[in-house]
Amino acid sequence: MITLRGKLKKDGDVSNSKSKEYNKRASVRDKLLVKEVQEMEQTLPSTCQVTFDDPHRLHEFILMIVPDEGYWAGGRFYFQISMSEEYNMAPPKVKCTTKLWHPNISEEGAVCLSILRQNSIDGMGWAPTRKLKDVIWGLNSLFTDLLNFDDPLNRDAAELYLKDKDSFRSKVKDYVRQYAKR
Amino acid sequence: MADSEQDNTDRGDGDNLKSDKLFTLKKWNAVAMWSWDVECDTCAICRVQVMDACLRCQAESKKDFYGRQDCVVVWGECNHSFHYCCMSLWVKQNNRCPLCQQEWSIQRMGK
Ligand SMILES: [Zn+2]
Ligand SMILES: [Zn+2]
Ligand SMILES: [Zn+2]
C-alpha cells in the first residue's frame with residue numbers, strides 16, 4: 001500500500017507561514033486520501049482501473065473505464081482526476097482525456113456529473129461526506145445508468161440521439177474506433 | 001486538565017452518563033474508551049471521532065493535543081453531529097447538513 005510518510009515529513013520541514021498554511025491543508029487532504037484511496041481500490045468496479053504516476057502524490061491519478069455494456073462498450077476512456085488542497089471541502093477535478101461522443105462529456109473533456117459540482121442548491125452536488133469511491137462510481141455510471149440526454153453538455157450528441165438513435169450509435173462507434181482503442 | 005480524565009482508568013462513578021439520554025453507551029473498558037451510537041460516532045466530514053480533535057486541529061497542534069479543548073462538537077436540528085471546525089468550513093459554501101441535506105441550524109454545541 002502507498003504511504004505518504006516521505007511527503008508528510010518533507011512538508012513539516014518547511015517553515016515560512018504561507019507555505020505552512022498550504023501544507024496544513026494539503027496534509028489534511030493527504031490524510032483523507034490515504035483512507036479514501038484504499039477504500040476506492042477495494043471497491044473498484046470491474047470496468048475500472050486506477051493508475052498513480054507518483055505513489056507519493058495521492059491527489060493525482062488516472063482512471064481508465066472500459067464499459068462492458070452500452071453504447072461505449074469496448075472503448076477505453078481515460079480520466080484525469082485531481083484534488084486541490086481544498087479537498088474535501090472542494091470536489092475533485094475531473095477531465096476526460098479520451099475524445100468521445102457523449103451527451104454528458106464534451107469533446108474537450110469537460111464532464112457533467114452532479115456530485116462534481118461545487119455549488120448546488122438541490123443537494124445533489126459535492127459534499128465533504130462524499131468520497132473518491134463515489135466519484136469513481138459516478139463516472140463509471142455515466143456510460144450506463146447515469147447517462148442523461150435531458151441536460152446535455154454535448155447538445156449535438158443529445159439531439160442526434162433524440163432524432164436518430166442509429167446514427168447516434170454509429171457516431172459513438174466511430175469515435176470509439178478512432179480515439180478510444182488504447 | 002480536562003484531558004487527563006480521558007486517560008483516567010478508574011472513573012467508576014459514571015459521571016458522564018447521568019445527564020444525557022441522547023446517547024447510548026456501547027462499550028466501556030479498562031482504558032476508558034467508549035463510542036456513541038454509530039450515527040454520531042465519527043465526524044462524516046473529517047472521519048475522526050467527534051470526541052477527538054478534528055483532522056485540521058490535529059494538523060495544527062503538533063504532538064500535543066491541547067488544541068482539542070477548543071475543538072467542540074456541534075449538533076444540528078437534524079441530530080447529525082460534526083466537529084464545529086469542520087461544519088463551520090462547510091456551511092460557508094452550503095448551509096445544509098451534508099448528511100441529510102436539511103437546512104443547517106445548530107441545536108447545541110459541546111463535548
Ligand atoms: Zn470533523
Ligand atoms: Zn477542530
Ligand atoms: Zn443532518
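Among contacts in chain B between residues at least 6 apart in sequence, what share joins residues at least 24 apart? The share is 48%, where contact means heavy atoms within 4.5 Å.

**Before you click**

This is a predicted model, in which local features need pLDDT of at least 70, side-chain atom pairs count only at pLDDT 80 or more, and totals for chains, interfaces and linings use all residues. Residues are numbered from 1 along each chain as its sequence is written, chains are lettered from A and ligands numbered from 1 in the order in which they are written, and side-chain values use heavy atoms, with hydrogens and water left out.

**Stop 1: chain B as a whole**

Select chain B and show the cartoon. Four helices and three strands make up its secondary structure. Helices (H or I, at least four residues) and strands (E, at least two) are DSSP runs, numbered from the N terminus. Trace the sequence and the pattern reads α-α-α-β-β-α-β.

Now switch to the surface. The accessible surface of chain B is about 6,600 Å², and 51% of it belongs to carbon and sulfur atoms. Such areas come from the Shrake-Rupley method with a 1.4 Å probe; for residues, only the protein chains shown count as cover. Of the 111 residues, 39% count as buried. Buried means under 20% relative accessible area, exposed over 50%, and partly exposed in between (1.4 Å probe, protein chains only).

**Stop 2: the zinc ion (ligand 1)**

Select ligand 1. Its coordinating atoms are B:Cys43 (SG), B:Cys46 (SG), B:His83 (ND1) and B:Cys86 (SG), at 2.1 to 2.4 Å. Donors are N, O and S atoms within 2.8 Å of the metal (3.2 Å for Na, K and Ca); water is not among the atoms, so sites may look incomplete.

Why is the arrangement tetrahedral? Because the four donor atoms subtend angles of 97 to 118°. Four donors count as tetrahedral if all angles lie between 85 and 135 degrees. The ideal angle for four tetrahedral donors is 109.5 degrees.

Along the sequence, the spacing of the donor residues is C-x2-C-x36-H-x2-C. B:Cys43 sits in the loop between helix H2 (38-41) and helix H3 (55-60), while B:Cys86 is in helix H4 (residues 84-91); this pair links distant parts of the chain, 43 residues apart. B:Cys43 is buried at 0% relative accessible area. B:Cys86 is buried too, at 0%.

**Stop 3: the zinc ion (ligand 3)**

Select ligand 3. Which residues are its protein donors? They are B:Cys78 (SG), B:His80 (ND1), B:Cys97 (SG) and B:Cys100 (SG), lying 1.9 to 2.3 Å from the ion. The angles run from 107 to 114°, and the site is tetrahedral. Here the donor spacing is C-x1-H-x16-C-x2-C.

B:His80 lies in the loop between strand E1 (73-76) and strand E2 (81-83), and B:Cys97 in the loop between H4 and strand E3 (106-110), so the pair ties together parts that are 17 residues apart in sequence. B:His80 counts as buried, at 13%. B:Cys97 is buried at 0%.

**Stop 4: A:Cys112**

Move to chain A and select A:Cys112. An unreviewed UniProt entry annotates this residue as "active site". UniProt positions are given in the numbering used here, feature names are shortened, and annotations may be inferred rather than shown by experiment.

A:Cys112 is in the loop between strand E4 (93-96) and helix H3 (132-141) of chain A. Buried or partly exposed? A:Cys112 is partly exposed, at 26% relative accessible area. Beyond its neighbours within four places in sequence, its contacts are A:Asn104, A:Leu142 and A:Leu153.

**Stop 5: A:Ser141**

Finish in helix H3 of chain A, where A:Ser141 lies. A:Ser141 is buried, with a relative accessible area of 4%. Leaving out residues up to four places away in sequence, A:Ser141 touches A:Leu146 and A:Leu147.

Note on methods:
Four donors count as tetrahedral if all angles lie between 85 and 135 degrees; four count as square planar and six as octahedral if opposite donors are over 155 degrees apart and all others between 65 and 115; anything else is irregular.
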